[in-house]
Amino acid sequence: MLFFGVRLLAQDVAIDGTVLADGTGIPVAGAKVTLRYVTSPAPIESVVTEAPGTFHLVAHKAGTYAIEADAPGFQNVVFQVDGSGIQIAEAEFEPGATSPVRKYVIRLVRSGLLIGHVQDADTQQPMTLVT
């Protein structure tokens, strides 16, 4: 008698998105995007965005997740749907279950940006070519 063991594999849940510069909507290439649990700073998976600012992450089990994103020249942001986290239920990992791809847009705010002009202290005249 011959037996074959068949293991039904649980599926993963895809989390896709785009990182954009807040205010301009320009895609942010090279942003580090990290999937983690809401209750832990430890990363589960990290990727770097491509030229169109897109990312693809995968959740392997049920939980409440957050997405952290940062890039040079931008403030770090922790993205959570409605502030409570991205909820992924156990039922979505059952073999044969249909789970929609989650798609999010994360907006990063520029940091360290100075806008203004420089004046000579004595004459109060604008100075040019100041770096």
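How many aromatic pairs does the protein hold? The count comes to 2, where rings of Phe, Tyr and Trp (its six-membered ring) pair if their centres lie within 6.5 Å. In one of them, Tyr-37 and Tyr-65 have ring centres 4.9 Å apart and planes at 25°, so this pair is stacked (planes under 30 degrees apart; over 60 is edge-to-face, and the rest are tilted). The pair ties together distant parts of the chain, with Tyr-37 in strand S2 and Tyr-65 in strand S5, 28 residues apart. Tyr-65 is buried at 1% relative accessible area, while Tyr-37, at 24%, is partly exposed (buried is under 20%, exposed over 50%, partly exposed in between, with a 1.4 Å probe and protein chains only).

All this comes from a predicted model, where local features need pLDDT of at least 70, side-chain atom pairs count only at pLDDT 80 or more, and totals for chains, interfaces and linings use all residues. Residues are numbered from 1 along each chain as its sequence is written, and side-chain values use heavy atoms, with hydrogens and water left out.

As for the overall fold, there are 8 strands and 0 helices (DSSP runs numbered from the N terminus: E of at least two residues for strands, H or I of at least four for helices). Of the 131 residues, 28% count as buried.

Ile-67 is one of the residues that touch the most other members of the largest nonpolar core, a group of 22 (buried Ala, Val, Leu, Ile, Met, Phe, Trp, Tyr and Cys joined through side-chain atoms within 4.5 Å). Strand S1 (13-21) is among the contributing elements and gives the most, with 4 residues.
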